[in-house]
Amino acid sequence: MSQLNCKMPVRMVETSSPSEVSGATTGNSMPQPCTLLSVGQAFSGTQNVSSLQKDEAWRVNVRIQGYDHDRGYLCGTMEALNVPMADTPVVTFWEGEIVDTKNYTFYTGKWGATREDDIKHWTKFQSFPPLLPKVEPDGGKSLDLSNYPYIFMRWKEQHFVNVGTDCGLTIAGFYYVCFSCSDGSINGFYYDPNSSPFQKLELKSISVGRSGFSFSTYELQ
């Protein structure tokens with residue numbers, strides 16, 4: 001989420017989702033499941049929302065509520081504290097795409113992001129440049145990420161949980177996310193053409209619990 005600028009965000013009409021890999025078959029090139037990225041896991045940190053006018057950071061808590069490794073899907077809640085225009089912490093529900101070369105590639109293909117936007121944001125992560133030569137042609141469909149120590153994702157907030165849409169914040173954008181399998185830390189960058197660019201999300205793993213749902217036989221609609 002981000003502060004709402006005077007210019008209202010434009011709703012994008014999604015006619016296709018190029019980030020989804022069509023015709024792909026199951027293989028062993030997908031990122032391996034990580035215990036630090038599982039249902040009930042919580043993270044805490046900050047999101048830098050500084051602009052040219054002032055420096056500002058919000059305290060942020062995230063919890064994983066659902067996870068389906070085979071489909072490259074996860075979801076959860078994000079809580080932003082000390083938001084100046086809000087009287088209460090602001091909670092949103094988000095859904096995520098795991099870049100696994102089976103279900104999703106590094107190219108977003110929606111939410112207003114071009115391939116150039118994707119590369120600009122992914123290259124902000126120090127762990128990404130070694131992958132760039134194989135990502136540029138087709139989004140990384142041929143990459144073997146099974147032993148890579150980082151998991152790349154996109155998180156898209158779907159709706160506010162405890163406040164209305166007139167709260168002064170926008171969830172029109174989405175997060176490019178990099179997760180470290182070694183320590184559970186998360187770095188992210190928020191993308192929204194109508195918000196300050198490259199707002200950085202920094203989170204640390206704080207607990208492991210079982211509060212949510214996983215997908216073993218459940219079919220996503």
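The structure is a predicted model, in which local features need pLDDT of at least 70 and side-chain atom pairs count only at pLDDT 80 or more, while totals for chains, interfaces and linings use all residues. Residues are numbered from 1 along each chain as its sequence is written, and side-chain values use heavy atoms, with hydrogens and water left out.

In soluble globular proteins, nonpolar side chains tend to be buried together. A nonpolar core is taken here as a set of buried Ala, Val, Leu, Ile, Met, Phe, Trp, Tyr and Cys residues joined through side-chain atoms within 4.5 Å; buried means under 20% relative accessible area, exposed over 50%, and partly exposed in between, with a 1.4 Å probe and protein chains only. The largest such core holds 33 residues, and Leu37, Leu74, Met78, Met153 and Trp155 have the most contacts inside it. At least two residues of this core come from each of the strands E3 (57-68), E4 (73-81), E5 (90-98), E6 (150-160), E8 (174-180), E9 (186-191) and E10 (199-207). Strand E3 gives the largest share, five residues. (Helices, H or I with at least four residues, and strands, E with at least two, are DSSP runs numbered from the N terminus.) Leaving aside residues up to four places away in sequence, Leu37 touches Ile64, Tyr67, Leu74, Ile151, Met153 and Phe179, a contact being heavy atoms within 4.5 Å. A second, separate core has 19 residues, among them Phe106, Ile119, Trp122 and Cys178.

Charged side chains come next. Side chains of opposite charge can pair when their charged atoms come close. With a salt bridge defined as a side-chain nitrogen of Lys or Arg within 4 Å of a carboxyl oxygen of Asp or Glu, the count is four. In one of them, Arg154 meets Glu97 at 3.0 Å, N to O. This pair links distant parts of the chain, with Arg154 in strand E6 and Glu97 in strand E5, 57 residues apart. Arg154 is buried at 0% relative accessibility, and Glu97 is buried too, at 6%. Lys110 joins Glu97 and Arg154 in a network of salt bridges.

Another salt bridge pairs Arg71 with Asp68 at 3.8 Å, N to O. Here Arg71 is partly exposed, at 31% relative accessible area, whereas Asp68 is buried at 4%. Glu202 and Lys200 also form a salt bridge, their closest N and O atoms lying 3.8 Å apart. Glu202 is partly exposed at 39%, and Lys200 is partly exposed at 32%.
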